[in-house]
Amino acid sequence: MAAHWQGRDATDVPYKLLDQPMGTLRACRIIIVGCGSSGICMMHRLKTFMKNLEWVCYEKNEDISGTWFENRYPGARCDVPSVVYQFTWAPSSEWTEYYSCSKEIHDYMKSTAEKFGLMERVKLQHEVTSARWNAQTNKWHVMIKPPCGPSISDTADFLVNATGILNAWKWPKINGLDSYRGKLVHTARYPQDLKLDGLNVAILGTGSTGVQVIPTISPTVKSLTAFIRSSIWVTPGFAAKYAGPNGANFAYAEEQRKEVLEDEEKSLAYRKAVETEINVRFKFAIKTSQAQKDAVAVAKEGMIRMLQGDLKLCEKLILNFAVGCRRPTPGNGFLEALIEPHVHACLDPIQRFSAKGIVTKDGYGADTEHEFDVIICATGFDTFFRARFPVVGRDGINLQPSRTCL
């Protein structure tokens with residue numbers, strides 16, 4: 001018995017009714033790209049709930065956990081409490097701090113993947129370079145660059161892009177970048193052996209990364225210049241109600257871990273309380289609400305106090321729009337570091353890099369050259385949400401959206 005399908009892609013080729021019981025599961029193969037938190041969670045869900053399924057996860061790095069493997073700059077940590085920055089299906093009692101550092105988050109994700117038997121499906125140092133849909137085979141044809149040798153190919157019924165947005169890091173778009181002869185580094189590829197003791201250091205960027213680096217390195221450097229281009233709302237960490245004084249981080253004592261983290265029932269109640277504290281804060285996102293007015297007042301008062309009323313810094317850093325229009329930036333110690341005697345906040349616009357450092361232009365049009373031993377670029381990532389490799393769909397159409405179409 002045969003029939004003809006008159007759908008969108010109808011052809012002259014009939015299909016056959018399969019000789020199998022109703023409800024028979026179709027065998028499927030899935031390719032997952034990226035083994036950060038999304039890739040790990042995807043694999044766990046497939047293994048837990050799916051049947052008659054095969055999958056493989058290709059990861060470009062030599063280890064898993066994505067941004068938490070790549071980002072090891074000084075002070076790198078999550079500004080969301082550890083107990084709610086974890087998989088609901090794998091709560092840990094091993095967190096050492098309220099806001100954990102990048103290495104501890106990486107170790108958690110790695111141990112979780114190993115515990116649930118997910119690593120056997122992961123191919124490390126395998127970078128996906130392209131994916132193309134084949135209408136004849138009804139499969140994705142994927143090209144992968146292994147750690148050595150020529151590229152290899154793989155096919156799958158489904159393709160899952162779990163690469164995230166915090167991996168395509170950006171150098172600053174400033175003239176003369178290649179002319180600088182000192183040490184130039186990016187926080188997303190921070191050299192672990194870099195020593196800053198006694199050096200004159202510059203840092204570009206005061207986003208969520210810069211505000212962590214500055215207070216961490218300021219005690220050891222000879223001088224530190226922070227080039228500040230835009231304003232930010234500096235706030236205590238998320239769920240600061242359960243953090244240390246003034247929202248500061250703290251290390252769990254052994255008795256706290258046994259009482260709160262190791263007891264399953266108490267641990268669940270604690271995690272729910274912390275997450276509820278984060279969720280209720282979303283009320284300040286309503287522009288005309290009292291919560292928004294209170295958030296602005298509290299943030300402004302705190303920033304003025306931590307900057308000791310420095311008029312120039314307050315004018316530059318404190319925003320004139322609502323908290324939440326730009327993500328609040330938890331930064332314990334950042335504002336306090338800016339007013340240290342050996343720390344200089346440069347508010348003049350950067351003109352170019354020079355062989356010795358950075359050239360700025362002041363309000364009178366005069367150029368000033370600043371000399372540095374090391375320049376750290378905390379200039380973030382390309383967060384445009386699209387695959388980092390060509391994804392070619394039906395009729396040869398590249399499914400990567402361009403910036404102009406959104």
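Two strands pair if DSSP finds at least two bridges between them. I kept that rule beside me while going through this predicted model.

**Entry: the antiparallel sheet**

I began with strands S16 and S17. I then looked for one bridge by residue. Arginine 352 has valine 359 in S17 as its bridge partner. Between S16 and S17 the chain makes a hairpin, through 3 residues.

What is the order of the strands in this sheet? I read it as S16-S17-S18, an open sheet of 3 strands with antiparallel pairing. The edges are S16 (350-353) and S18 (367-371), and each of these pairs on one side only. From one strand to the next, I noted an average twist of 25 degrees.

**Entry: the parallel sheet**

Next I turned to an open sheet of 5 strands. Its order is S10-S19-S11-S12-S15, and the pairing is parallel. Why is one side of S10 and of S15 left without a neighbour in the sheet? S10 (183-186) and S15 (343-346) stand at the edges with a single partner strand each, so one side of each has no neighbour there. Direction ignored, neighbouring strands of this sheet are turned by 20 degrees against each other on average.

I picked out one pair inside it. S11 (residues 200-204) and S19 (residues 374-377) pair in the parallel sense, over 4 bridges. Leucine 204 has cysteine 377 in S19 as its bridge partner. Then I checked what packs on the sheet here. Helix H4 (residues 210-217) does, and it touches S11, S12 (223-227) and S19. The direction of H4 makes about 165 degrees with that of S11.

**Entry: the second largest pocket**

I looked up the space first: the second largest pocket holds about 810 Å³.

**Entry: confidence**

The pLDDT averages 91 over the chain, and 95% of the residues score at least 70. Where does the pLDDT fall below 50? I found residues 1-7 below that value. This stretch has 11 contacts in the model beyond near neighbours in sequence.

Notes: Residues are numbered from 1 along each chain as its sequence is written. This is a predicted model: local features need pLDDT of at least 70, side-chain atom pairs count only at pLDDT 80 or more; totals for chains, interfaces and linings use all residues. Side-chain values use heavy atoms; hydrogens and water are left out. On a 1 Å grid over the protein atoms alone, a cavity is a set of points where a 1.4 Å probe fits but cannot get out, and a pocket is an open set with protein on both sides within 12 Å along at least five of seven lines; lining residues have an atom within 4 Å of a point. Grid points are joined across faces, edges and corners, and a volume is the space filled by probe spheres set on the points. Helices (H or I, at least four residues) and strands (E, at least two) are DSSP runs, numbered from the N terminus. Axes are lines fitted to C-alpha atoms, for helices over the stretch in contact, and angles run from 0 to 180 degrees between N-to-C directions. pLDDT is the predictor's confidence in each residue, from 0 to 100. Contact means heavy atoms within 4.5 Å.
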